[in-house]
Amino acid sequence: MKLFFGYFIQVICLILFLMILLVVVNNLLLGKHDQDDSSFLIGYYIGTLIGLFVMSWPTYKFFRFGGKLIAKSKVKDE
């Protein structure tokens, strides 16, 4: 059962990583902010990068937790 939950957690985390990266790429590269003020753009880009780190850190830790569940179940099965 731990093996199933470990793989399930890792798949969900990979999907979340992909979603986070796509949102950041969309915000940084494809955003249409031609007429906005420079102070708005600085805050927008810094906020996007902070959001990237804030969302990716728990996802990374949860991914590692899934790996630990998989490792524990494999050792237990042997």
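Which residues does Leu3 touch, not counting residues up to four places away in sequence? Select Leu3 and you'll find Ile70, Ser73 and Lys74, where contact means heavy atoms within 4.5 Å.

Before you go on, a word on what's loaded. This is a predicted model, in which local features need pLDDT of at least 70, side-chain atom pairs count only at pLDDT 80 or more, and totals for chains, interfaces and linings use all residues. Residues are numbered from 1 along each chain as its sequence is written, and side-chain values use heavy atoms, with hydrogens and water left out.

**Stop 1: Leu3**

Stay on Leu3, which belongs to helix 1. Helices here are DSSP runs (H or I, at least four residues), numbered from the N terminus. Leu3 is partly exposed because its relative accessible area is 31%; buried means under 20%, exposed over 50%, and partly exposed in between (1.4 Å probe, protein chains only). Now draw a distance from the C-alpha of Leu3 to the C-alpha of Ser73: 5.7 Å, although the two are 70 residues apart in sequence.

**Stop 2: the whole of helix 1**

Select residues 2–29 to get helix 1. How far apart are its end C-alpha atoms? They are 40 Å apart, which agrees with the 40 Å that 28 residues should span at 1.5 Å a residue. That expected span is 1.5 Å times one less than the number of residues. Next, colour the buried residues of this helix: Gly6, Ile9, Gln10, Cys13, Ile20 and Val24.

**Stop 3: the nonpolar patch**

Show Met1, Phe4, Phe5, Phe8, Val11, Ile12, Ile15, Leu16 and Met19 as a surface. Together they form a nonpolar patch with about 910 Å² of accessible area. The area comes from the Shrake-Rupley method with a 1.4 Å probe, and for residues only the protein chains shown count as cover. Patch members have over 30% relative accessible area and no salt bridge, and nonpolar side chains (Val, Leu, Ile, Met, Phe, Trp, Tyr) are joined within 5 Å. A salt bridge would be a side-chain nitrogen of Lys or Arg within 4 Å of a carboxyl oxygen of Asp or Glu.

**Stop 4: Gln10 and Gly67**

Is Gln10 buried or exposed? Gln10 counts as buried, because its relative accessibility is 18%. Leaving aside residues up to four places away in sequence, Gln10 touches Phe63, Gly66, Gly67 and Ile70. Jump to Gly67, in helix 2 (residues 38–77). Gly67 is partly exposed at 26%, and its C-alpha is 8.6 Å from that of Ile9, 58 residues apart along the chain.

**Stop 5**

Lys61 is partly exposed, with a relative accessible area of 41%, and its C-alpha sits 9.4 Å from that of Cys13.

Finish at Ser56, another residue of helix 2. Ser56 counts as buried because its relative accessibility is 18%. Which residues should you display around it? Show Phe17 and Ile20, which Ser56 touches when residues up to four places away in sequence are not counted.

Technical notes:
Helix = DSSP H or I, 4+ residues; strand = E, 2+ residues; numbered from the N terminus. Patch = residues over 30% accessible without salt bridge, like charges linked within 9 Å, V, L, I, M, F, W, Y side chains within 5 Å.
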